[in-house]
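Please keep the sequence and the structure in view as you read.

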Amino acid sequence: MKKTVGEKIRSFRQQKKLTQEQLALGAEINPVFLGHLERNLKSPTITTLEKITRALGITMSELLLDVPNNDSEIEVRQASMQHINYLLKDLSNEELDKITGILKEIIDWKKMS
C-alpha cells in the first residue's frame, strides 16, 4: 500500500527525530497546519512541500515518488521520468513547448560534448 504525502512527511520527520513543532519552525509553517498535513486533512502547495523537504533535508523526489528499495537503473529512470511528469503536469501548452525546446538544446549540447 502506498503512503500518502502526509504519511511520508510524518515518517521522514520521525526518522530525523523531529517534533512537529521543530519541523514546522524549520519549514516556516504553522505547527497545526503541519499536523493537518500529516493526517491528510489538508493538502499542501508545492511551495509548502519545498519548505518541508528543505527543512527535512530531503528532495521532492524522495517525498513524492515511490522509489523501490532496489535501486536498479530502470527503476531510478522510471522514478525520474515520473518526477518530470509531475513537475510538468500543470503547465500550459505554450510553456511545455518552451520546456521541450530547452530540453532539446540541452540534449543536443550533451551529445556534442
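With which residue does lysine 104 form a salt bridge? The partner is aspartate 108, and the closest N and O atoms are 2.9 Å apart. Here a salt bridge means a side-chain nitrogen of Lys or Arg within 4 Å of a carboxyl oxygen of Asp or Glu.

Before going further, please note that this is a predicted model: local features need pLDDT of at least 70, side-chain atom pairs count only at pLDDT 80 or more, and totals for chains, interfaces and linings use all residues. Residues are numbered from 1 along each chain as its sequence is written, and side-chain values use heavy atoms, with hydrogens and water left out.

**Charged pairs**

Five salt bridges are present in the structure. Three of them, including the pair above, are set out here.

| Pair | Closest N and O atoms |
|---|---|
| Glutamate 38 and arginine 10 | 3.2 Å |
| Lysine 89 and aspartate 90 | 3.1 Å |
| Lysine 104 and aspartate 108 | 2.9 Å |

Helices are DSSP runs (H or I, at least four residues), numbered from the N terminus. Glutamate 38 is buried, at 1% relative accessible area, while arginine 10 is partly exposed at 27%. These words have cut-offs: buried is under 20% relative accessible area, exposed is over 50%, and partly exposed lies in between (1.4 Å probe, protein chains only). A network of salt bridges links Arg10, Arg13 and Glu38.

Lysine 104 and aspartate 108 both sit in helix α7, four residues apart, or about one turn of the helix. Lysine 104 is exposed at 52%, and aspartate 108 is partly exposed at 31%.

**Elsewhere in the model**

Helix α7 (residues 93–112) also holds isoleucine 106, which is partly exposed at 46% relative accessibility.

Is leucine 64 buried or exposed? Leucine 64 counts as buried, at 18% relative accessibility, and lies in helix α5 (residues 60–64). Leaving aside residues up to four places away in sequence, leucine 64 touches Val5, Lys8, Leu49 and Tyr86, where contact means heavy atoms within 4.5 Å. From leucine 64 to alanine 24 there are 40 residues in sequence and 19 Å in space, C-alpha to C-alpha.

Notes
Helices (H or I, at least four residues) and strands (E, at least two) are DSSP runs, numbered from the N terminus.
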